[in-house]
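Here are some notes to read alongside the model, written for someone meeting it for the first time. Please take them in any order you like.

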Amino acid sequence: MTDPIEPPHGTSTHEDDDELLPCGRLLSRAWADWEDQARDDRSRDGEAGDAHPRNCPHCREAVRGLDELESAVRGLRTETAAADSYDSEPLTRRIMDVVRLELRPGRPLPLGEPAEDLWIMEAVAARTLRSAAETVPGVRAGSCRLRHVHEDGTVEVRLDIHAPLGVPLPDFTERVREQVRRVADRALGMPTAAVHLRVTDLLPPTADDDREGRTP
Amino acid sequence: MNDHTSNTPYGRLAAELATSVTEVPGVAFLRPGLTDRLRTALPRSAPHSAGTAAGVRLTRPDGEGPWHVEIHVVALRQARTVDVARGVRDAVGHRLGVLAPGEPRPRVTVTVTGLL
């Protein structure tokens, strides 16, 4: 039988596969700048900001694929908009999420029982678990790492969160931990050995926090 | 290791398996393939080529033994991810049994590379 801990062939196992561009900027930074610029262009109509991403050939090349993809997604939206009433803005965002996760997938992590040879890429699982944590009102999720895979195929989750001021942290973090564990099990089917939370900041509650959590 | 992907005698088999994977409930599409799929939405793009084996890798590690089929899929959020992966594994095993009867039981590895 296949070793359940052995990851599938041909997938990245790098701790952090971010790429340093010849101009000295990280690939992830170029993507983040592209996203910021796209958002700013829509909301402020091109106000001057950091000119480097627009002028640097390396940064522009790094985001060229994203530009093409965004154009394609917008074309898809136009074509399908008349056909149904599906909310296409979240669709666009979800597609872009998939693209980003495909570009920086992280390592494969086991799904299901240890010997099943079923896997999910770390970045995909991490995105889901961050969203799960943020369904608890007041939580803002940060870094989520799924690093330690035990011999029984269970995974340890390490999640940084911002918590609201004025709540008893032990109870609060237990709610977050339980929510992450539940989603890992019910939505993904990824067995967790432990969910380690680190509260990196305490923030004043906002109006949003009064609602039943954020949209996953 | 023999790699039986497109342009090999097993390329057609991989394409058949790809088709069976995309029919599994909860599967959005195979990876890679998102960009190609989106390009079909552009006015001047070529028609989507049916039977592409994107996201399917078919190998026979020791030449004669069982096949190793590696599948990379993007799944839908509304389905439980592990159940989608199991459905893919079962569909591939079943399809391979029909297409290549008498072969040793294949190893099927399924990796979910995105959720939509």
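1. What is the mean pLDDT of chain A, and what share of its residues reach 70 or more? The mean for chain A is 77, and 65% of its residues reach 70 or more. For chain B the mean pLDDT is 79, with 73% of residues at 70 or more. For the complex, the predictor reports an ipTM of 0.81 and a pTM of 0.71.

2. Some stretches of chain A call for care. Residues 80-87 of chain A stay under 50 in pLDDT, and the model gives this stretch three contacts beyond four places in sequence. Residues 212-216 of chain A also stay under 50, with 10 contacts beyond four places in sequence. Where pLDDT is low, the predicted coordinates should not be read in detail.

3. Where is confidence lowest in chain B, and where is it highest? It is lowest in strand β1 (residues 2-3) of chain B, at a mean of 46, and highest in α3(B), at 96. Residues 1-7 of chain B stay under 50, and the model has 19 contacts for them beyond four places in sequence. Residues 42-52 of chain B are likewise below 50, and that stretch has 11 contacts in the model beyond near neighbours in sequence.

4. Now for the overall layout of chain A. Six helices and five strands make up its secondary structure, and from the N terminus they run α-α-α-α-β-β-α-β-β-α-β. Chain A has 216 residues, of which 29% count as buried. Taking the contacts in chain A with a separation of 6 or more, 61% are between residues 24 or more positions apart.

5. How many helices and strands does chain B have? There are three helices and five strands, in the order β-α-β-α-β-β-α-β from the N terminus. Of the 116 residues in chain B, 44% are buried. Among its contacts between residues at least 6 apart in sequence, 73% join residues at least 24 apart.

6. A helix pair in chain A deserves a look. Helix α5 (residues 122-133) of chain A packs with helix α6 (residues 169-188) of chain A at an angle of about 135 degrees, and their axes are 8 Å apart. Because of that angle, α5(A) is oblique to α6(A). The two cross in a right-handed sense. On the α5(A) side the contact is made by A125(A), T128(A), L129(A), A132(A) and A133(A), while α6(A) brings V176(A), Q179(A), V180(A), V183(A), A184(A), A187(A) and L188(A). These residues divide into 10 nonpolar, two polar and no charged.

7. Helix α1 (residues 11-22) of chain B and helix α3 (residues 81-99) of chain B meet at an angle of about 140 degrees, with axes 9 Å apart. That angle makes α1(B) oblique to α3(B), and the crossing of α1(B) past α3(B) is right-handed. From α1(B) come L13(B), E16(B), L17(B), S20(B) and V21(B), and from α3(B) come V88(B), A91(B), V92(B), R95(B), L96(B) and L99(B). The residues of this contact are eight nonpolar, one polar and two charged.

8. Is D117(A) buried or exposed? D117(A) counts as buried because it has 24 C-beta neighbours inside 10 Å. This residue sits in the loop between β1 (108-111) and β2 (118-121) of chain A. Most residues other than glycine have a negative phi.

9. D160(A) belongs to strand β4 of chain A and is partly exposed, with 18 other C-beta atoms within 10 Å. D160(A) and R198(A) are 38 residues apart in sequence, yet 4.7 Å apart in space, C-alpha to C-alpha. Beyond its neighbours within four places in sequence, D160(A) is in contact with G142(A), S143(A), R198(A) and T200(A). H150(A) lies in the loop between β3 (140-149) and β4 (155-164) of chain A. H150(A) is partly exposed, with 15 other C-beta atoms within 10 Å, and is 42 residues from T192(A) in sequence but 9.4 Å from it in space, C-alpha to C-alpha.

Notes:
Residues are numbered from 1 along each chain as its sequence is written. Chains are lettered from A and ligands numbered from 1 in the order in which they are written. This is a predicted model: local features need pLDDT of at least 70, side-chain atom pairs count only at pLDDT 80 or more; totals for chains, interfaces and linings use all residues. pLDDT is the predictor's confidence in each residue, from 0 to 100. Two residues are in contact if their C-beta atoms, placed from the backbone, lie within 7 Å. Axes are lines fitted to C-alpha atoms, for helices over the stretch in contact, and angles run from 0 to 180 degrees between N-to-C directions. Helices (H or I, at least four residues) and strands (E, at least two) are DSSP runs, numbered from the N terminus. Angles under 35 degrees count as roughly parallel, over 145 as roughly antiparallel, 65 to 115 as roughly perpendicular and the rest as oblique. A crossing is left-handed if the near helix is turned anticlockwise from the far one by less than a right angle, and right-handed if clockwise. Ala, Val, Leu, Ile, Met, Phe, Trp, Tyr, Cys and Pro count as nonpolar, Asp, Glu, Lys and Arg as charged, and the others, Gly among them, as polar. A residue is buried if 20 or more other C-beta atoms lie within 10 Å of its own, exposed if 12 or fewer, and partly exposed in between; C-beta atoms are placed from the backbone.
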